[in-house]
Amino acid sequence: MAMIHEDGMAQFSLRKLAKRVGVSPTACYNHFSSIDDLMSAITEYIDTKFADAIQKGIELSLSTPENLMVELGKEYVAFFAENPYYFSYIFENNDKNIVLTDTDFTGDYTPFVLFRNTAIQLMEQSHIPPEHFRDNIVIMWAAVHGLAAMANMKAFHYTGDWRALTEKILKDKLNIC
């Protein structure tokens, strides 16, 4: 992931990876028959870890459901702050499907589906009219996704705790539910 992040996918090869980690190119090809196989394995690994982080946020709020989106948001941002190479890899990859229309915000990317379904559940419990769901999900997603993007900007530096910052912003500035 560091190589892809530093040099870009166009410069990546299994041969260069082997040299960087100190093994023979044959060793890489023993595990992955092609770069595509390696990229598939990396994508599956990251997607699972990201979905686990979203699920952790949901589980952390079970005792305080009013903090559901705050805990989910904190885990979302922290995941990318703690794994800086994952953000660009996930969201620059063309195999994700998140669609914003004039009436809905949908997708089939598992972490997004967890985020969206949790937000809808919370809005339903808060008796928010369904016609407000799309815009509220956009606002929630934009807030945490924007913070995660900031955590991954090479020119942006934050010396504090991303979870604490996310909690403060979501509690103080977002009033959706």
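View A. F80 is buried, with a relative accessible area of 0% (buried means under 20% relative accessible area, exposed over 50%, partly exposed in between, using a 1.4 Å probe and protein chains only). F87 counts as buried too, at 12% relative accessibility. Before going further, a word on the model: it is predicted, so local features need pLDDT of at least 70 and side-chain atom pairs count only at pLDDT 80 or more, while totals for chains, interfaces and linings use all residues. Residues are numbered from 1 along each chain as its sequence is written, and side-chain values use heavy atoms, with hydrogens and water left out.

**View B. Aromatic rings, pair by pair.** A pair of aromatic rings is described by the distance of the centres and the angle of the planes. Here, rings of Phe, Tyr and Trp (its six-membered ring) pair if their centres lie within 6.5 Å; planes under 30 degrees apart count as stacked, over 60 as edge-to-face and the rest as tilted. That rule gives 20 aromatic pairs. One of them is F50 with Y76, edge-to-face at 5.1 Å centre to centre and 70 degrees between the planes. F50 sits in helix α4 (residues 35-60) and Y76 in helix α5, so this pair ties together parts that are 26 residues apart in sequence (helices are DSSP runs of H or I, at least four residues, and strands are runs of E, at least two, numbered from the N terminus). Both F50 and Y76 are buried. Ring pairs build a cluster whose members include F50, Y76, F80, F87, F112 and W141.

View C. Of the 15 residues in α5, 13 are buried, so the helix is mostly covered. At 1.5 Å a residue, α5 should span 21 Å, and its end C-alpha atoms are 21 Å apart, which agrees (the expected span is 1.5 Å times one less than the number of residues). E71 and K74 are 3 residues apart in helix α5 (residues 68-82), so about one helical turn separates them. Both E71 and K74 are buried.

**View D. Salt bridges elsewhere.** Side chains of opposite charge can pair when their charged atoms come close. The whole structure holds 11 salt bridges. One of them joins E82 and R163, at 2.8 Å from N to O. E82 belongs to helix α5 and R163 to helix α9 (residues 162-173), so the pair ties together parts that are 81 residues apart in sequence. R163 counts as partly exposed, at 25% relative accessibility. Another salt bridge links K96 with D95, the closest N and O atoms being 2.9 Å apart. K96 is buried at 18%, whereas D95 is partly exposed at 47%. Through shared partners, salt bridges join K56, E75, E82 and R163 into one network.

**View E. T166 in helix α9.** T166 has its place in helix α9 and is buried, at 0% relative accessibility. A polar atom of the T166 side chain lies 2.7 Å from the backbone oxygen of W162. Leaving aside its neighbours within four places in sequence, T166 is in contact (heavy atoms within 4.5 Å) with G73, K74, V77 and L147.

Definitions and conventions
Salt bridge = Lys/Arg side-chain N within 4 Å of Asp/Glu carboxyl O. Polar contact = N/O pair within 3.5 Å; in protein donor to acceptor, adjacent residues only side chain to side chain.
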